[in-house]
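Subject: Structure handover

Hello,

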Amino acid sequence: MSPFANLINGAWVDGDSVSTNRNPSNPADIIGEYSRASAAQVTQAITAAHAAWPAWAATNPVERGAILDRVGTALAAQAERLGTLLSREEGKTLVEGRAEVMRAAQIFKFFAAETQRLTGEVVASVRPGIEIEITREPVGVIGVITPWNFPMAIPAWKIAPALAYGNCVLFKPADLVPASAWELARLLTEAGIPAGVFNLVMGRGAVVGPTLLADARVNAISFTGSTTTGAGIAAEAAKRFAKLQLEMGGKNPLVVLDDADLDVAVEAALQGSFYSTGQRCTASSRLIVTEGIHDRFVKALAARMQSLVVGDALDPASQIGPVVDQAQLDQDIAYIGIGQAEGARLHCGGLALDRTSGGYFLTPALFTEAHNSMRICQEEIFGPIAAVIRARDYDEALSVANSTAFGLSAGICTTSLKHASHFRRHAQAGMVMVNLSTAGVDFHVPFGGRKGSSFGPREQGRYAAEFYTSVKTSYICP
């Protein structure tokens with residue numbers, strides 16, 4: 001089959017090698033061959049974006065908004081086909097795949113409207129006769145590097161605001177999920193994006209990443225991925241003072257207090273820990289449960305876990321799809337062994353399923369008798385694995401929840417307004433959920449965390465302007 005090409009300066013360009021995109025539910029199912037850009041081609045894309053930026057930044061915001069709106073409309077109209085493709089290449093269930101495409105559509109629609117809402121300020125000077133105007137301007141050329149777990153939504157919430165505010169984009173998707181990225185590039189070209197304004201450079205991070213990071217014409221980098229990779233990007237970007245936005249790992253706590261509604265708590269834990277195969281940075285991987293409800297909660301959660309249907313992502317009956325590839329499956333299984341070696345009890349699940357398709361299936365795993373110092377409670381596993389940590393009371397539960405290097409999302413299940421309010425104020429996380437799953441956020445509000453989870457301005461919603469624009473203060477003497 002002919003490889004799907006990169007998009008450079010408005011033209012579809014073959015790379016110097018290809019990657020084979022396989023279905024994790026059935027690795028024999030080849031989705032396509034996708035071109036990998038060479039370092040020289042990445043440089044060509046940077047040159048094109050740099051040249052296109054002045055004209056794009058000066059474009060009427062209504063024109064920019066119309067292009068984004070057309071992309072949003074096309075995504076919504078093709079949600080069935082694109083959602084199925086997403087599920088086929090990443091392993092999300094069909095319901096989740098379609099929902100992700102619709103979320104991408106909503107994001108493009110939101111930022112289409114935001115093109116006409118970028119405001120400034122006029123303030124009085126302390127000096128007589130002087131006027132001060134505060135405005136926002138586009139940053140320039142943005143390097144966008146995205147992960148494999150949300151191959152449509154995460155690119156959308158980076159690319160849409162970048163373009164809305166007048167920046168040009170170099171998009172490097174994860175090598176595991178090029179199909180969704182290629183389709184997004186196709187929709188942008190069909191919507192009328194000018195040549196050079198948006199460029200797709202697929203391929204290995206070891207080739208594309210260093211080129212983006214080293215070139216001074218790339219004014220900013222927005223990255224979502226592992227904390228280790230993010231730290232490396234930060235170190236390189238700092239050498240030339242590039243603007244930086246990092247979204248990295250999480251080890252998110254869900255606190256369940258004695259007074260919680262048991263059914264609500266179990267559903268929040270089930271959704272947060274295991275749906276999307278646990279492959280979410282916002283997943284509830286630590287379930288911190290107080291003494292009075294602990295045993296009932298574990299029993300009820302284990303029973304619900306047993307009813308989950310693990311299977312082919314394209315089977316409408318499946319509730320949990322495969323993990324993304326063999327390497328991720330191996331890592332998940334290794335952590336199950338680590339947890340057992342540390343003394344935690346594998347209460348249920350954690351079995352690799354041998355299916356005729358050869359897919360990478362793992363039953364959701366629940367550990368009990370875990371302690372917060374264990375590796376399974378401190379390191380991001382990125383799989384359908386959760387550990388229950390027993391706590392004496394609310395105060396201990398809050399302390400355990402905050403005892404992590406991460407700070408993305410935190411949740412609490414309680415009927416106490418006192419504890420809910422205290423937790424909202426004192427949980428060391430960028431997002432707090434009360435009687436809800438730690439995973440699942442709206443598209444029009446800020447997304448991001450603290451500590452080792454995030455660095456730089458927030459993503460999504462109107463707060464995206466903090467990263468994708470630069471503030472200018474002008475003094476005028478009439």
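Ala429 sits in the loop that links α13 (417-426) to β21 (431-434). Please keep in mind that this is a predicted model.

Is Ala429 buried or exposed? Its relative accessible area is 12%. The cut-off for buried is under 20%, so Ala429 counts as buried. What does Ala429 touch, leaving out residues up to four places away in sequence? The contacts are Gly407, Leu408, Ser409, Ala410 and Arg450. Gly250 is 179 residues away from Ala429 along the chain, yet their C-alpha atoms are separated by 9.7 Å.

Ser276 lies between α9 (262-274) and β13 (284-290), in the loop. Its relative accessibility is 8%, so Ser276 is buried as well. Neighbours within four places in sequence aside, Ser276 is in contact with Lys92 and Glu96.

The largest pocket has a volume of about 850 Å³. It is lined by 35 residues. Closest to its centre are Pro147, Trp148, Gly225, Ser226 and Thr229. Which of them gives the largest share? That is α8, with four residues. By class, the lining of the largest pocket splits into 16 nonpolar, 13 polar and six charged residues.

The second largest pocket comes in at about 510 Å³. Its lining holds 21 residues. Arg103, Phe150, Arg280, Gly440 and Val441 are the closest to the centre of this pocket. The elements that supply two or more lining residues here are α4 (94-114) and α5 (153-164). The largest share, five residues, is from α4. As for class, the lining of the second largest pocket has 10 nonpolar, six polar and five charged residues.

To recap for your set-up:

- Largest pocket: about 850 Å³, with α8 giving the largest share of the lining.
- Second largest pocket: about 510 Å³, with α4 giving the largest share of the lining.

Best wishes

Terms used. Residues are numbered from 1 along each chain as its sequence is written. This is a predicted model: local features need pLDDT of at least 70, side-chain atom pairs count only at pLDDT 80 or more; totals for chains, interfaces and linings use all residues. Side-chain values use heavy atoms; hydrogens and water are left out. Buried means under 20% relative accessible area, exposed over 50%, partly exposed in between (1.4 Å probe, protein chains only). Contact means heavy atoms within 4.5 Å. On a 1 Å grid over the protein atoms alone, a cavity is a set of points where a 1.4 Å probe fits but cannot get out, and a pocket is an open set with protein on both sides within 12 Å along at least five of seven lines; lining residues have an atom within 4 Å of a point. Grid points are joined across faces, edges and corners, and a volume is the space filled by probe spheres set on the points. Ala, Val, Leu, Ile, Met, Phe, Trp, Tyr, Cys and Pro count as nonpolar, Asp, Glu, Lys and Arg as charged, and the others, Gly among them, as polar.
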